[in-house]
Amino acid sequence: MSPNKLISRKGLYGLVWSVPLTKLSQDFNLTSGQLKKICEKYNIPVPYNGYWSKLKFNKDVQKHYLDGNTNSKINLSASAEKSPIQQIVDEITADSRAPVKVSSKLKNPDILISNTEEYNKRSKNDFYYRDDKVFKLSINVMDKNEKRAFRLMDALVKLLRYRGFSFEREYYSTKMVIDGIKIPFDLREHHRRVPNEESNYPAYKYVPTGNFILTTGQYSDKREWTETSNIRLEEKIVRVVAWVEVKVQEEKEWREKAKIAEKIQEKEQKIKEEQESKRKAEEEKFNKLRLDSKRFEEYTVIQKYILEVEKRAIAENKLTQELKDWIKWANDKIEEINPFDN
């Protein structure tokens with residue numbers, strides 16, 4: 001749904017209680033936070049924490065009712081500032097050359113799509129065929145849905161290339177790459193858990209729904225783009241690319257901040273090392289001063305002793321040649337610890 005269209009309070013209320021805000025916000029080209037603020041502004045109750053989990057497991061839930069004028073209109077585009085993602089969406093949409101449409105038939109497919117199609121054919125004919133080095137995409141859907149999956153991913157890849165991305169095979173997966181930043185992505189079919197009526201074990205089995213899930217990013221930046229029978233991924237390609245570009249910009253800013261922080265850390269480390277070097281130099285100088293003072297003290301005491309020995313020998317007329325030789329030896333010896341000569 002375009003955010004430029006008006007929607008009634010009752011209509012928005014019905015949507016937020018049927019689809020989680022994180023998914024519904026994508027259809028309005030808003031963030032979940034922006035959509036939640038709009039609901040608060042127009043006094044539209046939203047599901048509480050744990051509501052969707054309880055609903056999933058068929059537990060009792062309580063739905064808050066809508067009060068006031070339910071038919072009053074809300075202009076979503078005027079109710080929230082454009083997010084960075086929406087700004088890029090508008091930029092791509094306004095570019096008449098941007099390949100944003102998913103074709104009804106696969107025409108001139110990108111090399112990644114051709115490789116994936118060929119790989120899937122070979123793996124179907126040969127159960128043991130595996131080649132992790134093939135430059136292909138990760139597409140895991142039922143055979144009857146493959147053609148649509150190829151058209152969808154072909155449009156996505158072409159739009160990414162148009163926006164400056166390239167692709168690289170790394171660690172058994174293909175990643176979109178720009179400015180040295182790599183983002184993995186893949187497409188799979190959603191499976192619904194249903195009771196297993198054929199056997200008691202396992203109690204449940206998973207049935208393909210025909211709806212696709214596109215995954216972009218990884219770890220904390222991982223994002224899953226889901227679809228329903230009413231809102232298909234074909235309508236979300238531009239927004240997917242916009243989200244990727246915003247993530248790339250955030251990563252670039254984070255790396256730049258990390259680089260600056262690293263330089264600051266290196267500078268601080270250099271200052272610390274210089275301060276430590278200066279401290280050690282000062283410590284060495286002071287230790288030398290202490291050592292020299294001790295040597296001077298020892299030198300002075302011994303020198304006085306030698307003089308006193310000579311003085312007494314003269315006074316007692318006992319200055320023999322042997323004593324003279326000793327006095328000379330002693331004077332020469334103490335020069336070894338004379339701090340002024342070393």
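Helix α3 is followed by N43, whose phi is positive, near 55°. Helices (H or I, at least four residues) and strands (E, at least two) are DSSP runs, numbered from the N terminus. The model is a predicted one, in which local features need pLDDT of at least 70 and side-chain atom pairs count only at pLDDT 80 or more, whereas totals for chains, interfaces and linings use all residues. Residues are numbered from 1 along each chain as its sequence is written, and side-chain values use heavy atoms, with hydrogens and water left out.

Helix α3 spans residues 32-41, and Q34, L35, I38 and C39 in this helix are buried (under 20% relative accessible area, with exposed over 50% and partly exposed in between; 1.4 Å probe, protein chains only). These residues lie on the same side of α3 because they cover an arc of only 140° around the axis, the arc being that of the directions from the helix axis to the C-beta atoms. An α-helix has 3.6 residues a turn, so residues three or four places apart point the same way. The exposed residues K37, E40 and K41 are carried on the face of α3 turned away from its buried side.

Strand β6 pairs with β3, β5 and β7, two strands being paired if DSSP finds at least two bridges between them. With β3 (residues 139-140) the pairing is parallel, over two bridges, and N140 stands opposite R188 of β6. Strand β5 (residues 173-178) runs antiparallel to β6 and is joined to β6 by four bridges; here I178 faces I181 as its opposite residue in β6. The two strands β5 and β6 form a hairpin with two residues between them, and D179 in the turn has a positive phi of about 55°. Ten bridges link β6 to β7 in the antiparallel sense, with V207 in β7 as the bridge partner of R192.

The largest pocket holds about 1,200 Å³ of space. A pocket is an open set of points on a 1 Å grid over the protein atoms alone, where a 1.4 Å probe fits, with protein on both sides within 12 Å along at least five of seven lines; lining residues have an atom within 4 Å of a point. Grid points are joined across faces, edges and corners, and the volume is the space filled by probe spheres set on the points. The lining comprises 34 residues, of which P20, K23, K56, H190 and R192 are the closest to the centre of the pocket. Two or more lining residues come from each of α2 (21-27), α4 (51-56), β6 (181-195), β7 (204-216) and β8 (223-226). Strand β6 gives the most, with seven residues.
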